[in-house]
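Here's a quick look at charge pairing and open space in one protein model. Have the structure open while you read.

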Amino acid sequence: MSKTSDETPAPLSRKVYERELKRLHGELVALQEWTKATGAKICILFEGRDGAGKGGVIKAITERVSPRVFRVVALPAPSEREKSQMYAQRYLPHLPAAGEIVIFDRSWYNRAGVERVMGFCTEAEAEKFLDTISAVERVVVESGVILLKYWLEVSPEEQTRRIEQRINDPRKIWKLSPMDLESYGRWYDYSRARDAMFTASDSAWAPWYVARSDDKKRTRLNVISHLLSKVPYEAPKRDKITLPKRQKPKGYVEPEDVRHHVPAVF
(Lines give C-alpha, C1' and ligand atoms only; values in the text may rest on other atoms or scores of the structure.)
Protein backbone atom coordinates (compact mmCIF):
# COMPACT_ATOMS: atom_id res chain seq x y z
CA MET A 1 0.00 0.00 0.00
CA SER A 2 1.33 3.44 -0.88
CA LYS A 3 2.41 5.78 1.90
CA THR A 4 2.71 9.52 2.24
CA SER A 5 6.06 11.06 3.19
CA ASP A 6 5.31 10.87 6.95
CA GLU A 7 4.47 7.14 6.72
CA THR A 8 0.74 7.78 7.09
CA PRO A 9 -1.19 5.54 4.68
CA ALA A 10 -2.38 7.41 1.61
CA PRO A 11 -6.13 8.13 1.62
CA LEU A 12 -8.28 5.35 0.27
CA SER A 13 -9.85 6.14 -3.05
CA ARG A 14 -13.64 6.19 -3.13
CA LYS A 15 -13.54 3.29 -5.61
CA VAL A 16 -11.47 1.07 -3.30
CA TYR A 17 -13.52 2.03 -0.24
CA GLU A 18 -16.86 1.32 -1.91
CA ARG A 19 -15.59 -1.98 -3.32
CA GLU A 20 -14.40 -3.18 0.08
CA LEU A 21 -17.49 -1.88 1.86
CA LYS A 22 -19.72 -3.72 -0.61
CA ARG A 23 -17.84 -6.94 0.08
CA LEU A 24 -18.15 -6.44 3.84
CA HIS A 25 -21.85 -5.61 3.51
CA GLY A 26 -22.30 -9.00 1.90
CA GLU A 27 -20.58 -10.60 4.90
CA LEU A 28 -22.79 -8.64 7.30
CA VAL A 29 -25.86 -10.02 5.51
CA ALA A 30 -24.38 -13.51 5.92
CA LEU A 31 -23.88 -12.74 9.64
CA GLN A 32 -27.47 -11.56 9.83
CA GLU A 33 -28.84 -14.75 8.27
CA TRP A 34 -26.64 -16.93 10.48
CA THR A 35 -27.81 -15.04 13.56
CA LYS A 36 -31.45 -15.59 12.63
CA ALA A 37 -30.90 -19.25 11.80
CA THR A 38 -28.93 -20.12 14.93
CA GLY A 39 -30.59 -17.84 17.48
CA ALA A 40 -27.28 -16.17 18.28
CA LYS A 41 -27.24 -13.06 20.48
CA ILE A 42 -24.72 -10.35 19.64
CA CYS A 43 -24.18 -7.04 21.45
CA ILE A 44 -21.77 -4.37 20.14
CA LEU A 45 -20.85 -1.24 22.12
CA PHE A 46 -19.34 1.90 20.63
CA GLU A 47 -17.70 4.50 22.84
CA GLY A 48 -15.43 7.45 22.13
CA ARG A 49 -15.15 11.20 22.40
CA ASP A 50 -17.47 13.54 20.53
CA GLY A 51 -16.42 13.54 16.89
CA ALA A 52 -14.74 10.14 17.06
CA GLY A 53 -16.94 8.78 14.27
CA LYS A 54 -19.26 6.40 16.12
CA GLY A 55 -22.29 7.38 14.05
CA GLY A 56 -20.48 6.85 10.76
CA VAL A 57 -19.26 3.39 11.76
CA ILE A 58 -22.73 2.36 12.95
CA LYS A 59 -24.30 3.64 9.73
CA ALA A 60 -21.75 1.70 7.66
CA ILE A 61 -22.63 -1.48 9.58
CA THR A 62 -26.40 -1.11 9.37
CA GLU A 63 -27.14 0.51 6.00
CA ARG A 64 -27.55 -2.79 4.09
CA VAL A 65 -29.04 -5.07 6.74
CA SER A 66 -32.46 -5.54 8.34
CA PRO A 67 -33.38 -3.24 11.25
CA ARG A 68 -35.40 -6.17 12.59
CA VAL A 69 -32.14 -8.02 13.24
CA PHE A 70 -29.63 -5.16 13.64
CA ARG A 71 -31.14 -2.88 16.27
CA VAL A 72 -29.42 0.40 17.22
CA VAL A 73 -29.93 1.66 20.77
CA ALA A 74 -29.11 5.27 21.68
CA LEU A 75 -30.80 6.04 24.97
CA PRO A 76 -31.69 9.61 25.99
CA ALA A 77 -30.85 11.11 29.37
CA PRO A 78 -32.37 9.02 32.21
CA SER A 79 -35.76 9.92 33.66
CA GLU A 80 -36.18 10.61 37.37
CA ARG A 81 -37.45 7.07 37.82
CA GLU A 82 -34.46 5.61 35.95
CA LYS A 83 -32.07 7.66 38.09
CA SER A 84 -33.41 5.82 41.13
CA GLN A 85 -32.76 2.38 39.63
CA MET A 86 -29.64 0.24 39.70
CA TYR A 87 -27.43 1.99 37.14
CA ALA A 88 -27.28 -0.75 34.50
CA GLN A 89 -30.96 -1.59 34.88
CA ARG A 90 -32.26 0.63 32.08
CA TYR A 91 -29.84 -0.90 29.61
CA LEU A 92 -30.64 -4.55 30.36
CA PRO A 93 -34.04 -4.65 28.56
CA HIS A 94 -32.25 -3.65 25.35
CA LEU A 95 -29.84 -6.59 25.34
CA PRO A 96 -30.36 -8.96 22.39
CA ALA A 97 -32.74 -11.89 22.40
CA ALA A 98 -32.15 -14.91 20.17
CA GLY A 99 -31.61 -13.92 16.55
CA GLU A 100 -30.79 -10.27 17.32
CA ILE A 101 -27.76 -8.01 16.97
CA VAL A 102 -27.92 -4.93 19.20
CA ILE A 103 -25.59 -1.97 18.68
CA PHE A 104 -25.27 0.55 21.51
CA ASP A 105 -24.36 4.08 20.38
CA ARG A 106 -22.95 4.85 23.80
CA SER A 107 -23.81 2.43 26.55
CA TRP A 108 -23.65 1.85 30.28
CA TYR A 109 -20.12 3.26 30.02
CA ASN A 110 -21.68 6.74 30.04
CA ARG A 111 -21.14 6.52 33.79
CA ALA A 112 -17.41 6.00 33.36
CA GLY A 113 -17.13 8.77 30.75
CA VAL A 114 -19.41 11.74 30.25
CA GLU A 115 -21.23 11.39 33.58
CA ARG A 116 -17.98 11.26 35.53
CA VAL A 117 -16.24 14.03 33.63
CA MET A 118 -19.23 16.38 33.55
CA GLY A 119 -20.19 15.82 37.18
CA PHE A 120 -23.52 14.06 36.50
CA CYS A 121 -22.55 11.42 39.03
CA THR A 122 -20.33 11.46 42.10
CA GLU A 123 -16.84 10.02 42.16
CA ALA A 124 -18.14 7.35 44.53
CA GLU A 125 -20.85 6.38 42.02
CA ALA A 126 -18.32 6.22 39.18
CA GLU A 127 -15.95 4.08 41.23
CA LYS A 128 -18.77 1.75 42.27
CA PHE A 129 -19.73 1.32 38.63
CA LEU A 130 -16.17 0.48 37.64
CA ASP A 131 -15.86 -1.99 40.53
CA THR A 132 -18.94 -3.94 39.44
CA ILE A 133 -19.35 -3.63 35.65
CA SER A 134 -16.98 -6.49 34.74
CA ALA A 135 -19.02 -8.85 36.91
CA VAL A 136 -22.23 -7.68 35.21
CA GLU A 137 -20.68 -8.22 31.78
CA ARG A 138 -19.52 -11.68 32.81
CA VAL A 139 -23.14 -12.60 33.59
CA VAL A 140 -24.19 -11.18 30.20
CA VAL A 141 -21.54 -13.21 28.36
CA GLU A 142 -22.30 -16.38 30.34
CA SER A 143 -25.95 -16.01 29.30
CA GLY A 144 -24.81 -16.61 25.70
CA VAL A 145 -24.36 -13.05 24.43
CA ILE A 146 -21.37 -12.31 22.21
CA LEU A 147 -20.24 -8.94 23.63
CA LEU A 148 -17.91 -6.70 21.62
CA LYS A 149 -16.70 -3.34 22.99
CA TYR A 150 -15.10 -0.73 20.73
CA TRP A 151 -13.44 2.53 21.64
CA LEU A 152 -12.88 4.90 18.70
CA GLU A 153 -9.78 6.98 19.35
CA VAL A 154 -9.67 10.33 17.56
CA SER A 155 -6.72 12.74 17.74
CA PRO A 156 -7.13 16.25 19.21
CA GLU A 157 -6.46 17.82 15.82
CA GLU A 158 -9.01 15.69 13.98
CA GLN A 159 -11.62 16.19 16.67
CA THR A 160 -11.18 19.96 16.33
CA ARG A 161 -11.56 19.75 12.56
CA ARG A 162 -14.75 17.69 12.80
CA ILE A 163 -16.37 19.89 15.43
CA GLU A 164 -15.55 23.01 13.42
CA GLN A 165 -17.25 21.31 10.46
CA ARG A 166 -20.37 20.87 12.58
CA ILE A 167 -20.32 24.56 13.45
CA ASN A 168 -19.99 25.67 9.84
CA ASP A 169 -22.11 23.09 7.98
CA PRO A 170 -25.91 23.54 8.23
CA ARG A 171 -26.31 19.80 7.56
CA LYS A 172 -24.28 18.94 10.67
CA ILE A 173 -25.13 21.69 13.15
CA TRP A 174 -27.78 19.44 14.75
CA LYS A 175 -24.96 17.18 15.92
CA LEU A 176 -23.51 19.95 18.09
CA SER A 177 -24.85 20.58 21.59
CA PRO A 178 -23.71 22.83 24.46
CA MET A 179 -22.56 19.61 26.15
CA ASP A 180 -20.28 18.86 23.19
CA LEU A 181 -18.64 22.26 23.51
CA GLU A 182 -18.13 21.83 27.24
CA SER A 183 -16.73 18.33 26.72
CA TYR A 184 -14.36 19.58 24.01
CA GLY A 185 -12.47 21.67 26.56
CA ARG A 186 -11.95 18.72 28.90
CA TRP A 187 -9.73 16.56 26.72
CA TYR A 188 -7.43 15.33 29.50
CA ASP A 189 -10.25 14.75 31.96
CA TYR A 190 -11.73 12.42 29.35
CA SER A 191 -8.33 10.80 28.80
CA ARG A 192 -8.02 10.02 32.51
CA ALA A 193 -11.59 8.70 32.62
CA ARG A 194 -10.93 6.51 29.56
CA ASP A 195 -7.76 5.10 31.11
CA ALA A 196 -9.56 4.25 34.36
CA MET A 197 -12.37 2.61 32.37
CA PHE A 198 -9.93 0.43 30.44
CA THR A 199 -8.09 -0.59 33.62
CA ALA A 200 -11.31 -1.61 35.37
CA SER A 201 -13.24 -3.25 32.55
CA ASP A 202 -10.81 -4.68 29.98
CA SER A 203 -11.55 -8.28 30.97
CA ALA A 204 -10.79 -11.65 29.41
CA TRP A 205 -14.50 -12.19 28.72
CA ALA A 206 -15.23 -8.65 27.47
CA PRO A 207 -12.05 -6.92 26.27
CA TRP A 208 -11.91 -3.41 24.83
CA TYR A 209 -10.85 -3.02 21.19
CA VAL A 210 -9.39 0.37 20.25
CA ALA A 211 -9.68 1.65 16.68
CA ARG A 212 -7.80 4.76 15.55
CA SER A 213 -10.49 6.82 13.87
CA ASP A 214 -8.85 9.82 12.18
CA ASP A 215 -9.32 8.13 8.78
CA LYS A 216 -13.07 7.54 8.57
CA LYS A 217 -13.01 5.16 5.62
CA ARG A 218 -10.31 2.92 7.05
CA THR A 219 -11.92 2.96 10.49
CA ARG A 220 -15.24 1.71 9.12
CA LEU A 221 -13.63 -1.06 7.08
CA ASN A 222 -11.33 -2.11 9.94
CA VAL A 223 -14.07 -2.22 12.57
CA ILE A 224 -16.47 -4.20 10.36
CA SER A 225 -13.69 -6.64 9.41
CA HIS A 226 -12.77 -7.09 13.06
CA LEU A 227 -16.28 -7.67 14.36
CA LEU A 228 -16.88 -10.23 11.61
CA SER A 229 -13.70 -12.01 12.69
CA LYS A 230 -14.97 -12.27 16.29
CA VAL A 231 -18.19 -14.14 15.42
CA PRO A 232 -18.02 -17.78 14.20
CA TYR A 233 -20.73 -17.30 11.56
CA GLU A 234 -21.27 -19.23 8.37
CA ALA A 235 -23.46 -18.07 5.50
CA PRO A 236 -26.50 -20.38 5.36
CA LYS A 237 -27.03 -22.17 2.06
CA ARG A 238 -29.73 -20.59 -0.06
CA ASP A 239 -31.97 -22.18 -2.65
CA LYS A 240 -31.77 -20.81 -6.17
CA ILE A 241 -34.31 -18.01 -6.62
CA THR A 242 -36.42 -17.77 -9.77
CA LEU A 243 -38.92 -15.00 -10.37
CA PRO A 244 -42.47 -16.29 -10.90
CA LYS A 245 -44.48 -15.20 -13.93
CA ARG A 246 -46.75 -12.19 -13.43
CA GLN A 247 -50.48 -12.74 -13.68
CA LYS A 248 -52.33 -11.59 -16.80
CA PRO A 249 -54.29 -8.31 -16.56
CA LYS A 250 -57.69 -9.95 -17.21
CA GLY A 251 -59.24 -6.66 -18.33
CA TYR A 252 -57.55 -4.36 -15.78
CA VAL A 253 -56.79 -0.88 -17.23
CA GLU A 254 -54.51 1.59 -15.45
CA PRO A 255 -56.54 4.77 -14.65
CA GLU A 256 -55.57 7.79 -16.73
CA ASP A 257 -55.96 10.38 -13.97
CA VAL A 258 -54.53 10.28 -10.48
CA ARG A 259 -55.80 13.18 -8.37
CA HIS A 260 -52.67 14.00 -6.41
CA HIS A 261 -49.20 14.07 -7.95
CA VAL A 262 -45.81 14.87 -6.51
CA PRO A 263 -44.56 17.81 -8.61
CA ALA A 264 -41.67 16.90 -10.90
CA VAL A 265 -39.41 19.73 -9.66
CA PHE A 266 -36.21 17.93 -10.56
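This is a predicted model: local features need pLDDT of at least 70, side-chain atom pairs count only at pLDDT 80 or more; totals for chains, interfaces and linings use all residues.

Side chains of opposite charge can pair when their charged atoms come close, and the structure holds 23 salt bridges. Here are some of them:

| Salt bridge | N to O distance |
|---|---|
| Arginine 19 and glutamate 20 | 3.4 Å |
| Arginine 116 and glutamate 123 | 2.8 Å |
| Arginine 194 and aspartate 195 | 3.0 Å |

Take the bridge between aspartate 195 and arginine 194. Aspartate 195 is partly exposed at 38% relative accessibility, while arginine 194 has a relative accessible area of 16% and is therefore buried, the cut-off being under 20%.

Glutamate 123, its salt-bridge partner, is partly exposed at 46%.

Now for the open space. The largest pocket holds about 1,600 Å³. Its lining is made of 50 residues, and Asp50, Lys54, Asp105, Arg106 and Asp180 are the ones nearest the centre. By type, the lining splits into 18 nonpolar, 14 polar and 18 charged residues.

Which helices supply at least two residues each to this lining? They are α2 (54-62), α3 (80-83), α4 (114-117), α6 (156-168), α7 (178-184), α8 (187-201) and α9 (216-229).

How values were computed. Residues are numbered from 1 along each chain as its sequence is written. Side-chain values use heavy atoms; hydrogens and water are left out. A salt bridge is a side-chain nitrogen of Lys or Arg within 4 Å of a carboxyl oxygen of Asp or Glu. Buried means under 20% relative accessible area, exposed over 50%, partly exposed in between (1.4 Å probe, protein chains only). On a 1 Å grid over the protein atoms alone, a cavity is a set of points where a 1.4 Å probe fits but cannot get out, and a pocket is an open set with protein on both sides within 12 Å along at least five of seven lines; lining residues have an atom within 4 Å of a point. Grid points are joined across faces, edges and corners, and a volume is the space filled by probe spheres set on the points. Helices (H or I, at least four residues) and strands (E, at least two) are DSSP runs, numbered from the N terminus. Ala, Val, Leu, Ile, Met, Phe, Trp, Tyr, Cys and Pro count as nonpolar, Asp, Glu, Lys and Arg as charged, and the others, Gly among them, as polar.
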